[in-house]
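Here is a short briefing to read alongside the model. Please keep the 3D view open as you go through the points.

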Amino acid sequence: MNLKQLVSRRTINSLSRLNNGRILSQIASSQRSVFCVHSPVSPPRREPYVGKNASFHDSKRPCFSFTFSRSIHALQEANVSVSEDDDGAMNEYLSRFVWIMRGKLNQAYPDSDKQTVDGMLLIIVENVVAEMEKGGLQSKLSGDASLPSQDFSEDLWQTVWEVSNKVLEDMEKERKKEKMKGFMQDEEVKEMCRFAAEVGIRGDMLRELRFKWAQEKMEQREFYRSLELLREEALKEEKEDEKDSDNAEAIGEDIAVGEGKPKVVSLPKRRGKFKYKIYGLDLSDPKWAEVADKIHEYEEITWPQEPKPVSGKSKLVTEKILAMKVEDDPSPCLAEWEELMQPNRVDWTALLDRLKEQNPHKYLKVAEHLLDVESFQANVRDYSKLIDAYAKDISLEDAERILKKMYANGIPPDTTTATILVHMYCKAGKLDQAEEAFKSLKNQGFRPDMKVYNSMIMAHANAGKPTKGESLMREMDTRDMKPSEEIYMALLRSFAQTADVAGASRITTTMQFAGFQPSLESCTLLVEAYGQAGDPDMARNNLDYIIKLGHKPDDRCIASMITAYMKKNLLDKALNLLLHLEKDGFEPGVHTYAVLVDWFGRLQLIDEAEQILDKIALQGEAPPFKVHISLCDMYSRAGMEKKALQTLGAIEAKKEQLGSGDFERVVNGLIAGGFVREAQRVHVLMEAQGFVPSDSLKVALMASEAFGRKRPGMR
């Protein structure tokens, strides 16, 4: 008998339906029951070829090998009207079934030879297919006690259906496995894997994630497919209901005609649309379709896009852009690249990243050029990046040019840009612009952080306005921000330089409450503050306090103390202090000698001042810049033209370091010495530096011009 003819398409469908009746449904669940055989397979009962007590070795039964070979030959050459897929499934089913049954028969009959086992297999297959074609196995699988056929024992039928279930389960697993291979190569799954690889996921974890995403994709596809099947079934049922309703209406009309009374026998039809509610939300509302469209649009914006591949002529232009020199104009190359690539923002960003890595000196110029390119779609972050880069390179003019372009394009600075501007202007010493940026930052509702406050306080301290910096420090304290010791010392130093004793005292007291103990530096600054204010008694008290704390006063501290004595012209006390300190091992340094030179210069003790200069030279250090101011004033007033002009040239070479008081002292000294022309030149330099002359200086200049004070004789 031809096995392929016996096991037809209807037969295998019947087998699947019977097995599905036992294991519920293969579509609804992928889990199947696998039964284990606990008893040996019973020998087959009476079958068509043998008698009741015949065995597999009976000579009356036809030879198995010839029949099986003929069946295989017929199976290969038969032309049937089934498709190739059905043939493949049939061959796989039979192959798996025969393989498993052979193992069970060998286990049950270990003494039987191969020919006997092959005969058993042929008989089992013939009887199973015969029962399937007759449809007599439904009662067996539905739980009926009667056997489909009396040819096999109950244990043998049980084993047959367990093997059949296992075969179908294995085939289903193989089908899902092949299906999973297709979903593993799905574009969305590969896109997610590429993104995971970009963020650093590798190895086993990446493979697990890819399998998980493919499985979710397959389950999603099967879910929507099941919905489609349900919809088709619902449509089919509606058509059947309409057909039944039409038949019922026709029957009702016939009855009404026969009885003469109208009767309604059909059910009312449903009107309107179904409403789908989930957790109280009416998802049938059209607005949810708009929400889905908006979500899709936002996903397109936020989801990272891949840049276009660069090849051909575009690649050559790209290499040309990357190899440009600093002085080259990038506009022609960028225009050509834009014409070839038709880029969007992602492509421009990829080009900038490559340029930043390979040619960082040209990066800023190209990035600035792209701000005016429409396809680049420049935003406020692009401007802030450029401003920050120029600020770090201390290119204030370039940063301000980007800021002006930002305003011209109608893009207001955000909090990030305002913070960058605060740091930039504070670092450059432009206090007015820094305050304007700080005010803009607060107007936008941004709460300045510790770095912004530190920059503003340091800018005010360096500009000689420590009072404003102190108010910002108090504001920090109210916002639970603890100022650092560096901030306290900067304010204390600024108060000391401006001779604000009250402010310096407040800062030292606040430092102690904040947990910072007095140090040599803080006490030295207090001595300096009292020295600049001309209070030698308080300066001496703080000096004694330094010694009491166990610190050894340094040269700068003693210089501040000598300055306090100089303000009151207490030369004897200053000399006594120096003699006392020399007994304790103190040696005056450059700062102390510089104060003595200034003091002797004011007293016109030229020889003594020059002796002090020799001592500074012996220490191998250059004299401080303030010494040149003292010498210029001393030599000018003494009428020593050559030395006065020599020191004046040194001062003009470093005019940026002069303050308003220094300019006025030099000009007054030149006027007093009769150097009117030089005084007027220094006055012009003073105004060029942005300092406003005092009224007394203006009067002195006008008097020198009016009376024409002559220069004294050369000495």
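Helix 15 and helix 16 are roughly antiparallel to each other, a label used for angles over 145 degrees, while under 35 counts as roughly parallel, 65 to 115 as roughly perpendicular and the rest as oblique. Their axes come within 8 Å and cross at roughly 165°. Do keep in mind that this is a predicted model, in which local features need pLDDT of at least 70, side-chain atom pairs count only at pLDDT 80 or more, and totals for chains, interfaces and linings use all residues. Residues are numbered from 1 along each chain as its sequence is written, and side-chain values use heavy atoms, with hydrogens and water left out.

**Helix 15 with helix 16**

- Helix 15 covers residues 380-392, and helix 16 covers residues 396-408; helices (H or I, at least four residues) and strands (E, at least two) are DSSP runs, numbered from the N terminus.
- The axes are lines fitted to C-alpha atoms, for helices over the stretch in contact, and angles run from 0 to 180 degrees between N-to-C directions.
- The crossing of helix 15 and helix 16 is left-handed, a term for a near helix turned anticlockwise from the far one by less than a right angle, with right-handed for clockwise.
- On the helix 15 side, Val 380, Tyr 383, Leu 386, Ile 387 and Tyr 390 take part in the contact, where contact means heavy atoms within 4.5 Å.
- Their partners in helix 16 are Asp 398, Ala 399, Arg 401, Ile 402, Leu 403, Lys 405 and Met 406.
- By class, the contact of helix 15 with helix 16 has 9 nonpolar, no polar and 3 charged residues; Ala, Val, Leu, Ile, Met, Phe, Trp, Tyr, Cys and Pro count as nonpolar, Asp, Glu, Lys and Arg as charged, and the others, Gly among them, as polar.

**Helix 14 with helix 15**

- The axes of helix 14 and helix 15 come within 10 Å and cross at roughly 150°, so these two helices are roughly antiparallel.
- This crossing is left-handed.
- Leu 364, Ala 367 and Glu 368 of helix 14 meet Leu 386, Ala 389 and Tyr 390 of helix 15.
- The contact of helix 14 with helix 15 divides into 5 nonpolar, no polar and 1 charged residue.

**Helix 13 with helix 14**

- Helix 13 (residues 345-358) and helix 14 (residues 360-370) have axes that come within 7 Å and cross at roughly 155°, which means that helix 13 is roughly antiparallel to helix 14.
- The crossing of helix 13 and helix 14 is left-handed.
- Helix 13 brings Trp 348, Leu 352, Leu 355, Lys 356, Glu 357 and Gln 358 to the contact, and helix 14 brings Pro 360, Lys 362, Tyr 363, Val 366, Ala 367 and Leu 370.
- The residues of the contact between helix 13 and helix 14 comprise 8 nonpolar, 1 polar and 3 charged.

**Loops around these helices**

- Asn 359 sits in the loop between helix 13 and helix 14 and is buried, with a relative accessible area of 9%; buried means under 20%, exposed over 50% and partly exposed in between (1.4 Å probe, protein chains only).
- Leaving aside residues up to four places away in sequence, Asn 359 touches Leu 322, Ala 323, Met 324 and Arg 354.
- Gln 342 belongs to the loop between helix 12 (331-341) and helix 13, and it is exposed at 55% relative accessibility.

**Positive phi angles**

- Most residues other than glycine have a negative phi.
- Gln 377, in the loop between helix 14 and helix 15, has a positive phi near 55° and is exposed at 54% relative accessibility.
- Asp 480 has a positive phi of about 60°; it lies in the loop between helix 20 (466-478) and helix 21 (485-497) and is exposed, at 75% relative accessible area.

**The chain overall**

- The chain has 33 helices and 2 strands.
- Of its 715 residues, 38% are buried.
- Among contacts between residues at least 6 apart in sequence, 65% join residues at least 24 apart.
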